[in-house]
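Hi there,

Here is the structure I promised to pass on. Have a look at it first, and my notes follow below.

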Amino acid sequence: MTGSLMSPPRHEAPEPLEGPVVGTVTGGTIIWFVLFLVQLPFYGWYSEHGHAWWIWTCLAGGGLGLIGVWYVRGRDAAIKRASTAAAEKAEAGRHAEESVNGADNDDAAKS
């Protein structure tokens, strides 16, 4: 079967894009809450025309955005902790290698 969904990929998937995730989610959350507050004075009109769900959608977007901010801040902190731990491990490995090489050089000089 040519061109099936089971064919192997032709190239590797690109790396995921990283950007200011916390700022992006925070900005989106603020926009949802602003939209809620701007529409709130017109609740009567929205309700009469069957569009009151617009207001509640904005409130739900703001609430879910708060959960998103909490999540991406935790994710960002975990990424920073992992990179710090990896850097410390690499530094410790480099120091261990230097001390082993230095001991080998000292032994060779004594011989």
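A salt bridge here is a side-chain nitrogen of Lys or Arg within 4 Å of a carboxyl oxygen of Asp or Glu. Please keep in mind that this is a predicted model, where local features need pLDDT of at least 70 and side-chain atom pairs count only at pLDDT 80 or more, while totals for chains, interfaces and linings use all residues. Residues are numbered from 1 along each chain as its sequence is written, and side-chain values use heavy atoms, with hydrogens and water left out.

First, the overall layout. The chain holds 3 helices and 0 strands, and its elements run α-α-α from the N terminus on. Helices (H or I, at least four residues) and strands (E, at least two) are DSSP runs, numbered from the N terminus. Of the 111 residues, 12% count as buried. The cut-offs are under 20% relative accessible area for buried, over 50% for exposed, and partly exposed in between (1.4 Å probe, protein chains only). Among contacts (heavy atoms within 4.5 Å) between residues at least 6 apart in sequence, 59% join residues at least 24 apart.

Now to the charged pairs. Side chains of opposite charge can pair when their charged atoms come close. The count comes to 3 salt bridges. In one of them, Glu18 pairs with Arg75, with the closest N and O atoms 3.0 Å apart. Glu18 lies in the segment before α1 and Arg75 in helix α3 (residues 52-110), so this pair ties together parts that are 57 residues apart in sequence. Glu18 counts as exposed because its relative accessibility is 52%, while Arg75, at 32%, is partly exposed.

Asp76 and Lys80 form another salt bridge, at 3.6 Å between the closest N and O atoms. Both are in helix α3, 4 residues apart, so about one helical turn separates them. Asp76 is partly exposed at 30% relative accessibility, and Lys80 is exposed at 51%. Glu91 and Arg94 also meet through their side chains, at 2.6 Å from N to O. They lie 3 residues apart in helix α3, about one turn of the helix. Glu91 has 33% relative accessibility and is partly exposed; Arg94 is partly exposed too, at 41%.

Which residues form the nonpolar patch on the surface? They are Leu37, Leu40, Tyr43, Trp56 and Leu59, with about 460 Å² of accessible area together. Patches are made of residues with over 30% relative accessible area and no salt bridge, joining like charges within 9 Å and nonpolar side chains (Val, Leu, Ile, Met, Phe, Trp, Tyr) within 5 Å. Leu40 sits in the loop between α1 (21-39) and α2 (43-48), and is partly exposed at 35% relative accessibility.

Two residues of α1 may also interest you. Phe33, in helix α1, is partly exposed at 27% relative accessibility. Beyond residues up to four places away in sequence, Phe33 touches Leu59, Gly62, Gly63 and Leu66. From Phe33 to Gly63 the C-alpha distance is 8.4 Å, across 30 residues of sequence. Gln39, also in helix α1, is buried, with a relative accessible area of 12%. Setting aside neighbours within four places in sequence, Gln39 is in contact with Tyr46, Trp54, Ile55 and Cys58.

Best wishes

Note on methods
Accessible areas come from the Shrake-Rupley method with a 1.4 Å probe; for residues, only the protein chains shown count as cover.
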